[in-house]
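Let's take a walk through a protein model together, one piece at a time.

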Amino acid sequence: MGKQKEPLACSVCGRRNYSVPISGKPDQRLTLNKFCKQCGRVTVHQQTR
Ligand SMILES: [Zn+2]
């Protein structure tokens, strides 16, 4: 398998707003600050699994 995309969900409302390509380190949970449309502000987004 090649590139895998993982959804990132807002840690506040749980909405899945983004998906990012994951490479390596499957045990590490990715967190990014992204704008959430539902919250109307930048929140922490986490990998959903
Ligand atoms: Zn949100």
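Let's begin with two strands, β1 and β4, which pair in the antiparallel sense over 3 bridges. Strands here are DSSP runs (E, at least two residues), numbered from the N terminus, just as helices are DSSP runs of H or I with at least four residues. Two strands pair if DSSP finds at least two bridges between them. As one example, L8 has Q47 in β4 as its bridge partner. In general, strands of a sheet pair through backbone hydrogen bonds, either parallel or antiparallel.

Before going on, a word about what you are looking at: this is a predicted model, in which local features need pLDDT of at least 70 and side-chain atom pairs count only at pLDDT 80 or more, while totals for chains, interfaces and linings use all residues. Residues are numbered from 1 along each chain as its sequence is written, and side-chain values use heavy atoms, with hydrogens and water left out.

Now widen your view to the sheet. It is open and has 4 strands in the order β2-β1-β4-β3, with antiparallel pairing. Because β2 (16–22) and β3 stand at the edges, each with a single partner strand, one side of each is left without a neighbour in the sheet.

Next, find the zinc ion. C10, C13, C36 and C39 coordinate the zinc ion through their SG atoms, at 2.3 to 2.4 Å. Donors are N, O and S atoms within 2.8 Å of the metal (3.2 Å for Na, K and Ca); water is not among the atoms, so sites may look incomplete. Along the sequence, the donor residues follow the spacing C-x2-C-x22-C-x2-C. C10 in strand β1 (residues 4–10) and C36 in strand β3 (residues 31–36) are 26 residues apart, and this pair links distant parts of the chain.

Are these two cysteines buried or exposed? C10 counts as buried because its relative accessibility is 3%, and C36 is buried with a relative accessible area of 0%. Buried means under 20% relative accessible area, exposed over 50%, and partly exposed in between (1.4 Å probe, protein chains only).

Finally, visit T43, whose place is in strand β4 (residues 41–47). T43 counts as buried, at 3% relative accessibility. Not counting residues up to four places away in sequence, T43 touches C10, V12, L32, N33, K34 and C36, where contact means heavy atoms within 4.5 Å.
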